[in-house]
Amino acid sequence: MKKPGILNGALFGILLTVPMIMIFYLGWKAAGLPFVPFDLFDWISRRLPGAVITFGIETMVGIIRGLNLGSTAVVAKTAEQLMGVVQFLIGGIIAGMLVNIVLRSLKDSSVQIAVLIGGILSIPIEIISLTHNQTSSVSLFVIAIWILLVFIAWGISFGWIYRRMWGQPKKEEEPVNLSRRQFLVRFSSIAAVITVAGTSVGALFGKRKVEVAEEPWSATHAMPNADANVQPAPGTRPEFTSLKNHYRIDIDTMPPRVDLNDWRLKVSGLVKKPLEFTMDELRSFPQMNQFITLECISNPIAGDLISTTRWTGVSMQQLLPEFGLNPEVTHFIIRAVDGFAEAVSLEDIKNDNRIMLTYEWDGLSLPVPHGFPLRIYIPDRYGMKQPKWIESLEATDHWEEGYWVERGWDRNARVRTTSVIDKVATDAIMDGPDGNKLVPVGGIAYAGARGISKVEIQADTNEWQEAELRTPLSATTWVIWRYNFPYSQGEHTFTVRCYEGDGTPQIATFATPHPSGATGLHSVSVKM
Ligand SMILES: Nc1nc2c(c(=O)[nH]1)N[C@H]1C(S)=C(S)[C@@H](COP(=O)(O)O)O[C@H]1N2
Ligand SMILES: [Mo]
């Protein structure tokens with residue numbers, strides 16, 4: 001009798017793996033079970049060589065900006081999730097082909113063997129999910145059983161279709177009255193119905209959770225620079241980023257969920273004795289509030305991976321006396337629940353009381369995607385040096401490479417000074433003092449903790465003109481600048497540059513974000 005080809009295996013793989021993904025989705029949304037495709041994706045992406053990841057990041061950021069797809073952070077995260085699902089589907093196709101080959105080489109293609117294969121295939125997946133899932137709310141035992149059952153269902157279904165299509169019908173069974181093609185069409189429709197139904201139900205569960213809307217600090221407080229003289233040019237980005245608009249970048253397809261009841265900040269390594277702090281204990285230390293601009297080292301010139309909010313926490317200097325450090329300590333390795341880690345030097349902590357373990361943003365407990373319950377702030381550094389979801393501090397006598405340093409990014413990741421034109425407001429032309437017309441031009445300048453002393457604008461090839469600087473929210477946030485351009489009809493190209501607090505000019509030479517952060521001047525052309 002005719003034996004099924006390798007493509008049949010691939011087809012079965014698709015037909016079974018699509019509903020399988022849906023079942024995992026439903027389990028995640030309805031019961032807090034792990035969404036296995038994301039676990040696998042995160043596991044693999046942590047193991048890829050730095051150059052591959054960097055290429056991936058740069059390509060993705062380039063495409064999102066080139067095609068103007070929207071918020072880089074949001075689109076990139078969605079793309080990652082999509083890749084996670086597609087990768088799992090490809091795995092399912094390959095598995096389908098392999099299982100097909102195995103069944104073909106056996107005389108009697110039995111369901112038992114498919115079950116066995118489903119079970120065997122699930123073992124590596126079980127291990128990865130059990131050790132890497134960060135979002136599920138059920139016990140490891142339940143996770144293990146769940147994944148096993150879903151895989152066995154996949155195996156049973158595979159064996160069943162295989163037999164139905166190619167096996168010898170047993171005497172007592174109904175005579176086969178559907179052709180293979182008819183059977184496949186019917187089976188595909190069932191798979192499609194299950195997939196659509198499951199996805200819809202899962203989405204419903206996802207919507208059901210109502211967040212308790214607490215009021216952020218900014219809803220009821222004036223900003224510290226509320227009486228600043230210089231007003232932003234119309235169309236300049238908001239000076240204070242709302243929590244939902246703050247960019248998000250991390251190595252997690254889904255942000256890790258931490259249960260505060262189980263969570264402790266562990267302090268270990270070269271200390272008199274290991275310590276643990278609850279969140280309440282951390283909150284009992286004197287509180288510190290700082291307005292902070294955070295930027296990702298992957299942010300291209302004029303990119304959107306930069307945001308500003310109000311951070312609340314405890315200065316590391318407050319905690320040092322509690323730690324009982326041995327004299328040889330030089331660094332802390334900050335470890336996070338997602339496997340991310342970075343080092344901060346004791347010297348930096350001693351020299352800068354702004355280095356702060358942070359538990360609130362804009363007056364609310366840290367949002368889960370932004371590091372709940374604890375993250376660190378280290379002034380003047382890119383985000384890659386500042387772990388979210390912190391679980392431990394290890395006191396050491398040496399420096400160690402952090403997550404992105406190991407993958408080829410800058411060891412110090414000091415923020416590169418940057419300035420951006422947000423808007424040439426041709427829709428808000430004003431009357432100047434002597435009857436002329438003025439076009440407000442505005443944007444931001446940022447130099448980490450080094451401050452901005454001057455911003456200059458060049459229109460076409462004219463002389464550079466000094467912009468007005470708005471008093472910033474703090475010495476560690478971006479500065480809003482504004483320049484009123486004397487209207488002249490035609491197309492004009494505007495370029496911006498800035499100077500750090502001590503007069504050091506922004507680097508004008510173009511450099512890509514990798515490995516040390518983007519440099520170069522931002523220009524826009526506008527017709528008026
Ligand atoms: N645990 C953990 N912390 C992390 C990261 C991460 O992947 N895992 N990413 C870092 C990077 S690269 C950046 S830019 C900032 C972004 O913080 P945000 O998402 O709150 O804006 O978090 C940093 N801290
Ligand atoms: Mo980043």
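Start at Gly-435: it has a positive phi near 75 degrees, in the hairpin of β12 and β13, with five residues between the strands. Strands here are DSSP runs (E, at least two residues), and helices are runs of H or I, at least four residues, numbered from the N terminus. This is a predicted model, where local features need pLDDT of at least 70, side-chain atom pairs count only at pLDDT 80 or more, and totals for chains, interfaces and linings use all residues. Residues are numbered from 1 along each chain as its sequence is written, and side-chain values use heavy atoms, without hydrogens and water.

**The strands**

Select β13, residues 437-446. Nine of its 10 residues are buried (under 20% relative accessible area; exposed is over 50%, partly exposed in between; 1.4 Å probe, protein chains only).

- β12 (430-431) is antiparallel to β13, over two bridges. Find Asp-431 opposite Lys-437.
- β11 (418-424) is antiparallel to β13, over six bridges. Val-424 has Val-441 as its bridge partner.
- β17 (479-486) is antiparallel to β13, with eight bridges. Leu-438 stands opposite Pro-486.

Select Cys-498. It is buried, at 1% relative accessible area. The nearest cysteine sulfur belongs to Cys-296, 19 Å away, and Cys-498 is in no disulfide (two cysteine sulfur atoms within 2.5 Å). Cys-296 is buried too, at 8%. The structure has zero disulfides.

**Helix α4**

Finish at Ile-94, in helix α4. Is Ile-94 buried or partly exposed? Ile-94 is partly exposed, with a relative accessible area of 43%.

Methods. Chains are lettered from A and ligands numbered from 1 in the order in which they are written. Two strands pair if DSSP finds at least two bridges between them.
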